[in-house]
Amino acid sequence: MSAAPKPSSIRDQVTEAEWQARVDLAAAYRLVALYGWDDLIFTHISTRVPGPEHHFLLNAYGMMFEEVTASSLVKIDLEGNKVMDSPHFINPAGFTIHSAVHAAREDALCVMHLHTDYGIAVSAQKNGLLPLSQQAMFPLASLAYHDYEGLALNEGEKPRLIADLGDKKNMFLRNHGLLTIGRTAAEAFLSMYILERACRIQILAQSGGADLHAVPDRIIDLTAKQLSAVTVGQGAELTWPGLLRKLDRIDPSYRD
């Protein structure tokens, strides 16, 4: 009697390009957990699947970020419907913000939305992110704000969010959290790292109670022009391999 055929793995069912996108997205989830930016099972990072279809990868609802693997990611369409068999499911409401950005911005191949402590704290400040550090210069060069409209469940909010985002790569969701976009998971993650760090520095500087010295507008404008020459795609191409090595030393199971 012949043995029953072994079920094919997710890797066997997808292209090499999609598998690499899965590994990078799973790594982004693990890194968010590693840096303490996760919010239990809430918030999302989504990546467009390489190819002509508008299909996306999203975390399984109920899975902690530190548990996400390349195989556990769920492939969905712009409406949040599964387009590939999976034992997991997603929170369609959680994809509301992401689907709006993916649909409107062809360059938004990865969208990261988080509820970080310092990010929310700065999002609640009337003047938002202040030019208090070199780290703040990066997001200030491409930064948008969107006012809070309640839980992100309303389809009618999408056009207003997209109008506020415009062509920017970083966004404060007022009283809610942060959003970054990138051509890769590496770019979206590095933008989030810099944005959250700028927020943390701002809160620490304000907590001292002393008068603060802001970077002058003319220097902000100059720095914005210098960034593309200095950072080489925000430095993501150089930073990402090191971050993956860090994860591999800790727990390489995100690659499964």
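Here is a short tour, starting with how to read the model.

This is a predicted model, so local features need pLDDT of at least 70 and side-chain atom pairs count only at pLDDT 80 or more, while totals for chains, interfaces and linings use all residues. Residues are numbered from 1 along each chain as its sequence is written, and side-chain values use heavy atoms, with hydrogens and water left out.

A quick word on names: helices (H or I, at least four residues) and strands (E, at least two) are DSSP runs, numbered from the N terminus. "Buried" means under 20% relative accessible area, "exposed" means over 50%, and "partly exposed" is in between (1.4 Å probe, protein chains only).

Let's begin with strand β1, residues 44–48. Five of its five residues are buried, so β1 is largely enclosed by the rest of the structure. In a regular strand, side chains alternate between the two faces of the sheet. In β1, His44, Ser46 and Arg48 sit on one side and Ile45 and Thr47 on the other, and all are buried.

Which strands pair with β1? Two strands count as paired if DSSP finds at least two bridges between them. With β4 (residues 110–114), β1 pairs in the antiparallel sense over four bridges, and Ser46 has Val111 of β4 as its bridge partner. With β2 (residues 56–58), β1 also runs antiparallel, joined by two bridges; there, Thr47 stands opposite Leu57.

β6 pairs with strand β5 (residues 143–146) in the parallel sense, over four bridges. It pairs with strand β7 (residues 177–182) in the antiparallel sense, again over four bridges.

## Helix α2 and what comes after

Helix α2 has 19 residues and reaches 27 Å from its first C-alpha to its last, close to the 27 Å expected at 1.5 Å a residue. (That expected span is 1.5 Å times one less than the number of residues.) The helix is mostly covered, with 15 of its 19 residues buried. Just after α2, Gly36 takes a positive phi of about 75°.

## Rings in pairs

A pair of aromatic rings is described by the distance of the centres and the angle of the planes. Rings of Phe, Tyr and Trp (its six-membered ring) pair if their centres lie within 6.5 Å; planes under 30 degrees apart count as stacked, over 60 as edge-to-face and the rest as tilted. The whole structure has 10 aromatic pairs. Here are two of them.

| Pair | Centre to centre | Angle between planes | Type |
|---|---|---|---|
| Tyr35 and Phe189 | 6.0 Å | 50° | tilted |
| Tyr61 and Phe89 | 6.2 Å | 80° | edge-to-face |

Tyr35 lies in the loop between α2 and β1, while Phe189 is in helix α7 (residues 185–207), 154 residues apart. Tyr35 is partly exposed, with a relative accessible area of 32%, whereas Phe189 is buried at 1%.

The other pair also links distant parts of the chain: Tyr61 is in the loop between β2 and β3, and Phe89 is in the loop between β3 and α3, 28 residues apart. Tyr61 is partly exposed at 28%, and Phe89 is exposed at 51%.

Ring pairs also build a cluster from Tyr35, Trp37, Phe189, Tyr193 and Trp240.

A cavity, on a 1 Å grid over the protein atoms alone, is a set of points where a 1.4 Å probe fits but cannot get out; lining residues have an atom within 4 Å of a point. Grid points are joined across faces, edges and corners, and a volume is the space filled by probe spheres set on the points.

There are two cavities of 30 Å³ or more. Of its 13 lining residues, the closest to the centre are His146, Tyr148, Gly150, Glu157 and His176.

The second largest cavity holds about 40 Å³. Its lining includes Thr96, Ile97 and Glu157, and the largest share, three residues, comes from α3.

Terms used: On a 1 Å grid over the protein atoms alone, a cavity is a set of points where a 1.4 Å probe fits but cannot get out, and a pocket is an open set with protein on both sides within 12 Å along at least five of seven lines; lining residues have an atom within 4 Å of a point.
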